[in-house]
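Here are my notes on helix packing and ring contacts. Please read them with the model open.

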Amino acid sequence: MLKEKIKSFLAVCILIITIPYIITFFFQRNETLPGYEALRETDGENSFSQESSPIDKAADPKEASQEETPSKQADIDIEEYLIGIVATEISLDYEPEAIKAQAVIARTSLTAALDAGSSALPASMSREEMITLWGQDGFEENYQALVHAIQDTEGEILTYGGQPILAAFHAVSAGKTRDSKDASIENAPYLCSADTSLDIPSPDFLSVVFMEKKEFLRKLQEGCPAFDAEPEHVMEHFNIEARDGSGYVIQAKLGEAVMSGESLRECLGLNSSCFYIKEVEGQIRIVTRGLGHGLGLSQYAANEMAKEGKDYQEILSYFYKNTDLASQ
């Protein structure tokens, strides 16, 4: 009887000692799954809102569309990697033709990065991350939609002059997409302004926020420390100086300092640089149109075009003028 009690006691002690190691091993294993860090870094963000697209985090989409993750170009499965890219870039509730258009955009960006020998590739999700995001049931359906989009556009990329284009995209435009010249992007004549009135019904088309003058001034000074003004008189020293043809702010004056529209967008935390600022009843009202930088394809408008019966080739040719859909 005593021996049995001793055995039970020892078994409980061993169990208590080993449980922490088992738990630690399990979580360490999950954190080493391919792409785990990328998923954790975007946790809390809506991957399918404009900030969905890493491209929108800077004014230069060529720079912003790539995650600073060392690439192992010789080791990656291109098609599998493409599936993960598209999964991060567009809502899979969208029409199949819109998803196919995004697949071509993703392949174009990946091809450009590989051809350039870049140490950074467009962000991608692993299967494990997709299961975490969608659950097992949602994963099966969404993964098949991604596979079909990749297979139906197999090998296709957008080119201009025989080279992969800068395949910029965003979630929702301000009613017109931007011209690359207005955004100071060189050698991208295919990024022309296009009518996107189909974006107007989007719930992300219009945003209105109010700020206290003190908060507004604090945010401006975070982006421009040289700006000096009293909160009550902040609007007397703030002026939008230039907009492009699509309504996006190009330049603003803060006292004697000058800021770009994209820099202002960032420091004020706005959806896009197409914004209008006015003092209303002692507060600062900011009306913003669109979600994203406004260059290239607008995903919401592309989806509406797909609903109207346009195929992915027509969608791409609408947003990227005079480009060729080439097979690798």
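1. Helices here are DSSP runs of H or I, at least four residues long, numbered from the N terminus. The model is predicted. By that definition α6 spans residues 127–152, and Phe139 and Tyr143 sit four residues apart in it, so about one helical turn separates them. In general, an α-helix has 3.6 residues a turn, so residues three or four places apart point the same way.

2. Phe139 is buried, at a relative accessible area of 7%. Tyr143 is buried, with a value of 7%.

3. A second pair is Phe216 with Phe238. Its planes stand at 75 degrees and its ring centres are 5.6 Å apart, so it is edge-to-face; the cut-off for that class is over 60 degrees. This pair links distant parts of the chain: Phe216 is in helix α7 and Phe238 in strand β5, 22 residues apart. Phe216 is buried at 0% relative accessible area. Phe238 also counts as buried, at 6%. The count of aromatic pairs comes to four.

4. Helix α7 covers residues 213–223. Its buried residues are Lys213, Phe216, Leu217, Lys219 and Leu220. Seen down the axis, they fall within an arc of 160 degrees, so they line one face of α7. Lys214 and Glu222, on the other side, are exposed. The buried residues of α7 pack against several elements, including β4, β5 and α8.

5. Two charges lie over ring faces. Arg243 is over Tyr276, at 3.9 Å from the ring centre. Lys321 is over Tyr318, at 4.5 Å from the ring centre.

Note on methods
Residues are numbered from 1 along each chain as its sequence is written. This is a predicted model: local features need pLDDT of at least 70, side-chain atom pairs count only at pLDDT 80 or more; totals for chains, interfaces and linings use all residues. Side-chain values use heavy atoms; hydrogens and water are left out. Buried means under 20% relative accessible area, exposed over 50%, partly exposed in between (1.4 Å probe, protein chains only). Helices (H or I, at least four residues) and strands (E, at least two) are DSSP runs, numbered from the N terminus. The arc is that of the directions from the helix axis to the C-beta atoms. Contact means heavy atoms within 4.5 Å. Rings of Phe, Tyr and Trp (its six-membered ring) pair if their centres lie within 6.5 Å; planes under 30 degrees apart count as stacked, over 60 as edge-to-face and the rest as tilted. A charge sits over a ring if NZ of Lys or CZ of Arg is within 6 Å of the ring centre and within 35 degrees of the ring normal.
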